[in-house]
Structures are given as C-alpha cells and as structure tokens.
Amino acid sequence: MPGKFINRRSSNLTKHSIPGRRRGYNAVKLESTLTVRILEAVSEAPGCRIEDVVGNLPDLTWNQIFLELARLSRNRQVRLVVNRRGLTVREC
C-alpha cells in the first residue's frame with residue numbers, strides 16, 4: 001500500500017509541473033510579441049493617444065494593450081503623458 005501512495009503522489013507532481021512550464025513559456029513568448037507590436041505602433045506615430053494604439057492593433061483587447069503599456073512605462077521603454085488630448089504614448 002505505501003508503495004502505491006508514493007507512486008501516485010510522484011506522478012501527480014509530474015503531471016502538474018509540466019503544464020505549468022508550458023504555460024510560463026507561452027506567456028513569455030506572448031508578452032515579447034505583444035511588446036514588439038506595441039513598440040512598433042508607438043514608433044510609427046510618436047505622441048499618439050492610447051486609442052490610436054488600440055485602433056492599430058484590432059486583434060488585441062484594450063486591457064491587454066493598457067497592461068502592457070503600464071509595464072513598458074515602469075520599465076522606462078515608453079512614457080505615458082496626460083494632456084488635453086488624453087493619455088498619449090511616447091518612446092523613451
């Protein structure tokens with residue numbers, strides 16, 4: 001009996017750790033692709049509004065773009081500026 005319990009437990013650990021690694025890899029890959037696309041959109045139209053970036057990337061949601069812009073701003077890759085036009089994005 002104790003042998004079966006140990007085998008079952010080790011097999012459960014293996015099952016849970018493999019999908020977790022795959023999900024983490026895909027998240028990093030998706031994030032880098034998203035970053036590149038957003039930086040390209042901002043570099044093509046410096047000083048553009050967030051709405052313009054969202055309009056240039058119709059396959060992404062507003063939330064995905066906003067969260068990525070927030071991360072890029074914290075990493076000092078873009079600058080978010082509030083002015084009369086709204087929230088604009090500039091490259092650093």
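I started at aspartate 59, which counts as exposed because its relative accessibility is 53%. My cut-offs are these: buried is under 20% relative accessible area, exposed is over 50%, and partly exposed is in between (1.4 Å probe, protein chains only). This is a predicted model, so I kept to its limits: local features need pLDDT of at least 70, side-chain atom pairs count only at pLDDT 80 or more, and totals for chains, interfaces and linings use all residues. Residues are numbered from 1 along each chain as its sequence is written, and side-chain values use heavy atoms, with hydrogens and water left out.

**Entry: salt bridges**

Which side chain does aspartate 59 meet in a salt bridge? I found arginine 37, at 2.8 Å from N to O. I took a salt bridge as a side-chain nitrogen of Lys or Arg within 4 Å of a carboxyl oxygen of Asp or Glu. The pair links distant parts of the chain, 22 residues apart: arginine 37 is in helix H1, and aspartate 59 is in the loop between helix H2 (50–56) and H3. Helices (H or I, at least four residues) and strands (E, at least two) are DSSP runs, numbered from the N terminus. Arginine 37 is partly exposed, at 27% relative accessibility.

I counted three salt bridges by this rule. Arginine 49 pairs with aspartate 52, with the closest N and O atoms 3.7 Å apart. Arginine 49 is partly exposed at 29%, and aspartate 52 is partly exposed at 29%.

Glutamate 68 pairs with arginine 71, N and O being 2.7 Å apart at the closest. These two are three residues apart in helix H3, so about one helical turn separates them. Is glutamate 68 buried or exposed? I read 5% relative accessibility, so glutamate 68 counts as buried.

**Entry: glutamine 77**

I located glutamine 77 in the loop between helix H3 (62–74) and strand S2 (78–83). Its relative accessibility is 34%, so glutamine 77 counts as partly exposed. Leaving out residues up to four places away in sequence, glutamine 77 touches Leu39, Leu72, Glu91 and Cys92; contact means heavy atoms within 4.5 Å. I also checked arginine 90, 13 residues from glutamine 77 along the chain: their C-alpha atoms are 8.8 Å apart.

**Entry: confidence**

I noted a mean pLDDT of 78 for the protein chain, with 66% of its residues at 70 or more. pLDDT is the predictor's confidence in each residue, from 0 to 100. Confidence is lowest in helix H1 (residues 2–44), mean 63, and highest in H3, at 94. Over residues 7–22 the pLDDT is below 50, and this stretch has zero contacts in the model beyond near neighbours in sequence. Where pLDDT is low, the predicted coordinates should not be read in detail.
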